[in-house]
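The paragraphs below lead from the overall fold to single residues.

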Amino acid sequence: MNMRTLYALAGLWLCSSIAVAQNLKGRVTDSEGNGLPGVSVVVVGSSQGTVTNAEGNFSMQLRQGNYKIRFSFVGYKAIEESVSIGSEPVKLEIKLEEDIVSLSDVVVLGSRSTAIRTNVETPVPVDVITMKDLQVTGQIEPTQMMHMSAPSYNSSRQTIADGTDHIDPATLRGLGPDQVLMLLNGKRRHNQALTNVNGTVGRGSVGTDLNAIPAAGIERIEVLRDGAASQYGSDAIAGVINVVMKKEAGTNVNAHWGRHYAGDGRNLMLGVYHGIKVGQRGTISVAGDFRFREPTNRVGDYQGPVYINWNTGTDIARRQQLYDQDQALIAQRGFSRSKNMQIGNSKIDNFGGMLNGELRIGPKTNFYFTGLVNFRKGQAAGFYRYPFQTSQVNLDLYPNGFLPQIHSTIWDRSLLVGVSGEFGNGWRWDLSNVYGGNSFRFDVKNSNNASQFALGARAQTEFYCGTLRFNQNTADFGISKDFGKQLGLKTFNVASGLHFRIDQYGIEAGEEASWRNYDPASGRAGGAQVFPGFQPANEINLSRNVLGAYVDLESDITEKLLLNVAGRFENYSDFGSNFAGKFSARYKFADVFSLRGAISNGFRAPSVHQSGFSAISTVFISVPGEGLQPRQQGTFRNGSPVANAFGIPKLKAETSVNMSIGATSQITENISLTIDAYQIDIKDRIVLTGQFQRGTSPTGQLISQILDRAGQREVNAAVFFTNAINTRTQGLDVVLSGNQPIGKGTLNFTLACNLNRTQVQGEPKVSETLPPDQFGNVLFNRQERARIELAQPRSKYIAGLSYRLSELGVNVRLTRFGRIETYDPANPALDETFSPKVVTDLNVSYRITKNIGVMIGANNLFDVYPDSLQKRQWPTPTNPTSLDNTSFGRFIYSRAATQFGFNGGYYFFSLSANF
C-alpha cells in the first residue's frame, strides 16, 4: 500500500463519522467571567483530554459513566469536577480562582506580566509544546522529540565525533547550540561540560544537554523564537527554551520498545511519574527515566590498504605488487573488509530522576524546589587502525589492527530552591537560587599507546583520559506589580530584578600513559589512539562571576495595542559590561488579524569553556592521494604563547541585533495562524578556526617554525577559538494549527515551517603574523563557512494530523527537511549536496481500559535515507588519483552534516498507564 492510498483511506474513514455531537461541553472563566484560553481539561486517571479555545470553550466525547474532570492552568488553582455522562449532553461552567505561585509559573515565556495571552496575542512568537505532543512523535529522547515537533529546532545525532557522539548538539533558527538559552522552570539551566571541537554542526560551541532532563517529568516545553538577552541575559540570541516540569497529583508509567528496520539500534525506555498532594498546601512529585539505546551501524566495505600500504607513489607496477601482497595477507589471515567500523548512533545507557514541588508556607508565600540528577554511560568508536599504520598500531597487541572505543561517563545534577509571594497591594516577589553542574569523563578501551611498543603484548589497552567539569550557581531576585488600574489602563506591569551568577570550568588530566610519548625518536604516536588524554599542561580551574540587573515594562495601552520595553545590564568579571534592550509591540485590528514586531540588541559572552579549553587530539584530515590520515591537532587557549605567536586576539562578547515582524490570526475559535519574519545580525561570532598545518609551502614552513618555537614539536596542526566572523540570518516561521470536533472524536492538525538562511558578512579577521590572505583562508576556510551557511536545512516543513475517536487514536506526521551541503577545505571538486527528503511517521493508539493504553507505530515509515556520498573515486593500484569522501568506501553517508540521521525506518511499541 503506497502513501497516497494510505492517506486516502484515512480521509474516508475520518469523513465517515462526521456530525456526531460531543457529549461534554463547557466554558472555563476567571473570577471576572472572562474566558480562559489554553486551560488543560483532563479526565482524571486517563490520558484523554483537551484544552480550551480562545473563548474558554471546550468539548469532549465520553462513554456513559462517572468521571472526574480536572481543570488546570498556570496562575490559577486547579479544580476537579465530578460528572455523570448519560444519554443527554452535559454542559459545565467552570470558574478558576487566581493562585499565588512563583513568578516562573505565571509568566508566559517572554513576558513577566500576569496577563494571560494566547500565541496570537503575544508581541513575539512563543510555542507551547505539551508532553502529549512530544510523546506522539514516538521518540524517547527530549532532543529528538523537539527535533520532530518544532520546525525551527534541529538536532541530529553525530558519529565518529569523540564526545559529541554522546551529547547531541541542538540549534534554533539555524544558529549555534550556544546561541539559544535554556531555562528549567523559568530559571537559567547550566551548560554541558563538553565543548564540540570535532567536525560537526556546532563546532566550537558549548550547548545545554536537554537529554539530561527526564522526559517522564516534563509537563511542557516553551520556545520563544526571538532575541531575549534583555530579559534573560547572555546566550538568548536565537531565542529561549523553557522546560516546565510536572507537579500534578497522579501516577503515570510509560514503557517503550523499538528497533530500526535494519535490525539494530534497539531502544528500551521506562518512564515513571508520581505526584502527591500535601493537604491543601501544594504538591510534591518525583519522576524517573531509564533509557537503553543500542548502537547502529551503517558502514560500507573498506577498499583500502590493510597489512601493506600499497597506496604510495605513482609507480603503477610497484603499487600493483604491493597490492597483491596485501591481498594475499588479507586472505591468509581472514580479515573482513565489512563492519570493521561503527558509523551510526553510539550506545547509551541513561538514568535520570526528578524531585519537584511547591508548598504554601504562608497566606501569600510559597516555597518551590526542583532537583534533577542524570547519569549516562556511553560507548562510541573512532577510525579503525589498520596493521599497515605502524606509527599507530602495536602489532604485538593487535596483529590485525583494532577499532578503538571511547567510553563516556556523564553526570548531570541541579537543584533549584525558591520562595515567592505577594505583599502590599499586588506586589509580587520571587527569590531563587539554582546550582547545576555537568561532568564528562573520557575512558578509551581496545586501544594502545603506540610509543609503548617496547612493552610488546604487555602494553596498555585501556586508558583514563581525563574529565571535563562545569558548575554554575545562579541567584535571582525579582519583583513586579501591575499598575494598570491606578493608571486607567487594562495592564501596566512593571518588573525589575537582580541576577548573580558564578561559572566554574575545569579540566582534569588523564593518566600519564593516555597522553605521553615514551619514545619520540621512534616516530610512533604517543598517547591513547582515538583520544589522547588531557595533559597536565591542559589542566585548568577557571571561574568568573556575573552581576546583572533588569527592568521590564509591559502594558495594554488600549484594548488593541500592547507594548513591551525591557533593558538589562550585565557585568562579567572576565570581559567587562554589556547593555541589552528590547522594544516589542502588537496591534490587534480584530480577532482575525493582528500585527506584531520587535527590535532588540543582544549579546553572548564567551563561555568559560571557550576561554579555558585546550587539548591535543587525533583528527583525520583529507590528504590528496592518501584519503583520510591521522594528525595530532592542538587546540590552544587564547592568551597562550602559541595563540599569541599566531596573532590570535583575546576573546570578546558576540553582539547581535534582532528584528522581527509578524501577523497573527484567530481564524476561527479553534484555528490560529502565525507568520513571523526575522533578521539576526551577529557581530564578532566566535568560531573554532581551521587547522594551521605544518607543510612544505612558505606558509606551512612558517607555521612549523611558530609551533617549534612554542615547544609543540609533536603537534601537526593548531586551532584556536576566536571572534572571526560576522553573520546575518534571515528567516520566516509559519504555524497554522487547530482542532475540530469531527464525528465522535476530535481532529487536531498542525502545518508549520521554518525557512532560514545564514550568510557570513565580509571577510574574516586577519593577523599580522601570517600573510593576511593565507591566514584568513585558514582561520575560516570554505569548509567552516559551509558549516555555518549550508550544513543545516534552510527549510523544514511539518504537517501533523491527529484524530482521536473514543479509545482509538491515529497520528500522522510528514516532515520535509531541506537541502544541505558540505564543502572541502581546499578542493571544490569534493563538495557534496544532499537533496531534500520527506520523512513520514505514523502511529496508532488504543485505550484498553480507563487507565491503560497501548501505541504501535513507525518513525520514518518508508525507510527514507539521506543521499549517499557521491564522491567515491578512491585510489586503486592502477589509479593513484583520488576524488573520495568515503574513506575508501567506509562512509556511505556524510558524517559532517545530516538532515535527520541515516538510521532508516524505526518501528516501536509503547504501553502507558495512568492512575
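A residue is called buried when its relative accessible area is under 20%, exposed when that area is over 50%, and partly exposed in between. The model is a predicted one, and the values quoted here are computed from it.

The protein chain contains 13 helices and 43 strands. Its radius of gyration is 29 Å, close to the 29 Å that the globule rule gives for 915 residues, so the chain is as compact as a globular protein of that length. The C-alpha trace spans about 90 × 60 × 45 Å along its principal axes. Of the 915 residues, 59% are buried, and among contacts with a separation of 6 or more, 71% are accounted for by residues 24 or more positions apart.

The protein chain exposes about 34400 Å², of which carbon and sulfur atoms supply 56%.

A pair of aromatic rings is described by the distance of the centres and the angle of the planes. Ring centres must lie within 6.5 Å to count as a pair, and by this rule the count comes to 37 aromatic pairs. In one of them, Phe-423 and Trp-427 are stacked, with 6.4 Å from centre to centre and 10° between the planes. Phe-423 counts as partly exposed, at 40% relative accessibility.

Trp-427 also pairs with Phe-483: their ring centres are 5.5 Å apart and their planes stand at 80°, so this pair is edge-to-face. The pair links distant parts of the chain, since Trp-427 belongs to strand β21 (residues 427-445) whereas Phe-483 sits in the loop between β22 (463-482) and α7 (484-487), 56 residues apart. Phe-483 is partly exposed, with a relative accessible area of 23%. Elsewhere, ring pairs link Tyr-302, Tyr-307, Trp-310, Tyr-323, Phe-335, Tyr-384, Tyr-386 and Phe-888 into a cluster.

Where does Asp-396 lie? Asp-396 is found in the loop between β19 (365-381) and β20 (405-423), and at 53% relative accessibility this residue counts as exposed. Leaving aside neighbours within four places in sequence, Asp-396 is in contact with Phe-453, Gly-456 and Ala-457. Asp-396 and Ala-459, which are 63 residues apart in sequence, have their C-alpha atoms 9.0 Å apart in space.

The backbone deserves a look as well. Most residues other than glycine have a negative phi, and most peptide bonds are trans. Asn-446, however, has a positive phi, near 55°. Asn-446 is placed in the loop between β21 and β22, and is partly exposed, with a relative accessible area of 32%. Asp-684 likewise has a positive phi, of about 60°, although it is not a glycine. Asp-684 lies in strand β31 (residues 671-688), and at 8% relative accessibility Asp-684 counts as buried.

Note on methods:
Residues are numbered from 1 along each chain as its sequence is written. This is a predicted model: local features need pLDDT of at least 70, side-chain atom pairs count only at pLDDT 80 or more; totals for chains, interfaces and linings use all residues. Side-chain values use heavy atoms; hydrogens and water are left out. Helices (H or I, at least four residues) and strands (E, at least two) are DSSP runs, numbered from the N terminus. The radius of gyration is taken over C-alpha atoms; the globule rule is 2.2 Å times the number of residues to the power 0.38. Buried means under 20% relative accessible area, exposed over 50%, partly exposed in between (1.4 Å probe, protein chains only). Contact means heavy atoms within 4.5 Å. Accessible areas come from the Shrake-Rupley method with a 1.4 Å probe; for residues, only the protein chains shown count as cover. Rings of Phe, Tyr and Trp (its six-membered ring) pair if their centres lie within 6.5 Å; planes under 30 degrees apart count as stacked, over 60 as edge-to-face and the rest as tilted.
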